[in-house]
Amino acid sequence: MTNRRLSNSTLKALPASVAIPRYDRGGVAPGIVHLGVGAFHRAHQAAYVDDCLAAGEADWGIVGVSLRSPDTRDALAPQDGLYTLAIRSSIGEELRVVGSILSLLVAPEDPAAVLAALTDQRTRIVTLTITEKAYLRAAGGGLDSTHPDIVHDLASPQMPRTAHGFLTEALSRRRAAGIQPFTVLCCDNLPANGATLHRLLVEFAALRDSRLATSGDARLATSGDARLATSGDARLATSGDARLAAHIADGVAFPSSMVDRIVPATTDADRARIAVELGVEDAWPVMTEPFCQWVVEDDFPAGRPAWEKFGVTMVGDVGPFEDMKLRLLNGSHSAIAYLGLLSGYDTVDRAFADPAIRQFVDGLWAEAIPTLPQDAGLDTAGYTAQLAERYSNTALAHRTAQIANDGSQKLPQRIVASALDRLGAGDPPAHLMLVVAAWIAACEARGKTLPEAHFTDPIDARLTALGSRPADETVTAIFDLAGFAKDHSHRMTLIDLTAAHLERLRRGGTAAALAALGIGSEKP
């Protein structure tokens with residue numbers, strides 16, 4: 001095993017079979033700041049930007065920001081931001097070194113550096129992949145204004161912890177300095193993700209405005225003056241003004257987008273294999289599949305890369321594509337994960353190879369497809385056939401436990417929304433609600449038939465506090481905790497369906513629950 005690391009200095013020594021950046025990285029300027037620089041971003045948006053840089057668009061390099069952990073920075077900084085993208089299929093693997101990430105910052109270590117990058121006039125787009133839970137929404141979907149990090153960011157705007165705090169403070173500083181706002185491009189699996197983030201930031205900014213207006217400091221409350229940016233008064237230069245919420249509401253673009261690529265967690269075995277192929281070590285290569293999709297609403301007042309030249313679909317309304325992906329791909333992914341965990345399968349391909357789970361997924365799709373826009377020209381038959389092929393990729397080893405994380409945050413848009421639409425049309429959502437029951441059963445199985453911390457959820461502490469209760473009481477309590485179908489007229493119907501499924505899962509496992517849907521339990 002070599003001790004040399006992947007870096008600018010070792011690029012040219014890589015085997016000819018490995019694709020490397022086809023541009024001078026030293027001549028690339030930063031134009032994008034990305035919040036949440038994890039594996040998905042590096043397999044998806046960073047790869048598309050890498051293509052644009054290779055085509056000569058040299059002012060769109062990425063500054064990556066980790067909002068929590070320094071792990072990505074610690075792995076990639078010694079490698080000059082370079083990493084290997086391993087594109088794996090059942091017939092082989094292709095290696096590509098991606099060079100679009102120019103630098104990496106860790107927000108808790110140096111929030112001032114992150115704010116400086118966001119305020120830099122060269123930054124015209126801020127992208128985010130921070131996962132659903134980091135949007136800090138309350139049960140009703142609005143901002144959780146009581147969250148400790150939100151409370152902190154409102155009290156200490158110059159030292160933010162959250163994406164809300166960083167974006168709002170940076171937009172305030174840019175406004176004070178007369179710099180055009182950046183476009184905020186959400187790439188997380190949220191319904192109408194751009195509009196959702198827009199609403200949350202306006203709520204956050206309104207709280208900031210209210211705090212300033214009641215602080216008794218008139219200078220702070222009216223400090224939207226470009227001179228403050230260079231006045232040397234740090235309090236004033238970063239305070240924004242009482243009209244900041246209106247500025248974000250009316251003057252900042254938040255296009256929605258839909259992203260799709262399966263990105264399993266990297267293992268030590270992956271690192272060892274990639275090192276042998278490269279002849280140098282890569283501390284954090286990224287595993288992914290050949291398929292990649294990005295649909296983006298084309299609203300970028302400050303400019304954007306020519307993504308459409310490299311397969312990105314630029315549209316006026318991303319909604320139908322987003323719904324199809326959330327309900328067909330993400331919904332079935334969650335189903336495979338929870339039923340797979342309960343059936344002893346550790347990867348998606350193994351679970352999907354079980355005829356009973358495969359049949360269940362077909363039934364799930366049959367329930368979800370009628371809830372999609374019927375006049376949007378969506379090719380649902382082709383899409384689900386493609387999904388079946390992707391799920392069968394034996395080289396990817398996408399772990400069910402990885403997909404199982406954060407179910408309370410993911411299931412509302414992946415499953416519950418479809419179920420409510422089904423009921424609204426007078427149709428039963430039996431398959432859909434089994435997914436929710438399987439999530440609850442998988443949570444209950446941790447520390448018993450599954451390892452204690454096999455997957456996690458933001459409401460784990462409250463789930464544990466529920467203890468052992470009858471199925472109907474458990475489901476009602478969890479719907480309350482997670483905010484599922486809050487105040488909806490069909491809420492009790494969903495609870496009853498889920499409780500019946502959970503009771504069967506508790507008594508007879510997945511075989512009994514699937515049998516109730518007319519699905520056999522024979523395994524390959």
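Visitor: Which residues line the second largest cavity?

Guide: A word on the basis comes first. This is a predicted model, in which local features need pLDDT of at least 70 and side-chain atom pairs count only at pLDDT 80 or more, while totals for chains, interfaces and linings use all residues. Residues are numbered from 1 along each chain as its sequence is written, and side-chain values use heavy atoms, with hydrogens and water left out.

The second largest cavity is lined by Cys187, Asp188, Asn189, Leu190, Asn193, Ser257, Met258, Val259, Glu322, Lys325 and Leu326. The elements that give two or more residues to this lining are β8 (257-260) and α12 (319-342); helices (H or I, at least four residues) and strands (E, at least two) are DSSP runs, numbered from the N terminus. By class, the lining of the second largest cavity has five nonpolar, three polar and three charged residues, where Ala, Val, Leu, Ile, Met, Phe, Trp, Tyr, Cys and Pro count as nonpolar, Asp, Glu, Lys and Arg as charged, and the others, Gly among them, as polar. The volume of the second largest cavity is about 40 Å³.

On a 1 Å grid over the protein atoms alone, a cavity is a set of points where a 1.4 Å probe fits but cannot get out, and a pocket is an open set with protein on both sides within 12 Å along at least five of seven lines; lining residues have an atom within 4 Å of a point. Grid points are joined across faces, edges and corners, and a volume is the space filled by probe spheres set on the points.

The structure holds three cavities of 30 Å³ or more. The largest cavity has a volume of about 60 Å³, and its lining consists of Ile262, His333, Val348, Asp349, Arg390, Tyr391, Asn393, Leu396, Ala397 and His398. The lining of the largest cavity divides into five nonpolar, three polar and two charged residues.

Among the open spaces, the second largest pocket has a volume of about 650 Å³. Its lining comprises 24 residues, of which Ile440, Cys443, Glu444, Ala445 and Lys448 lie nearest its centre. Two or more lining residues come from each of α18 (430-445), α19 (460-466), α20 (471-482) and α21 (491-515), and α18 gives the most, with six residues. The lining of the second largest pocket has ten nonpolar, seven polar and seven charged residues.

Elsewhere, an open sheet of five strands has the order β5-β2-β1-β6-β7, with parallel pairing; two strands pair if DSSP finds at least two bridges between them. The edge strands are β5 and β7 (183-186), each pairing on one side only. Within this sheet, five bridges join β1 (residues 30-35) to β2, and valine 33 of the model stands opposite valine 63 in β2. Five bridges also join β2 to β5 (residues 101-106), with glycine 64 opposite leucine 104 in β5. Six of the six residues of β2 (residues 61-66) are buried, that is, under 20% relative accessible area with a 1.4 Å probe and protein chains only, whereas exposed means over 50% and partly exposed in between.
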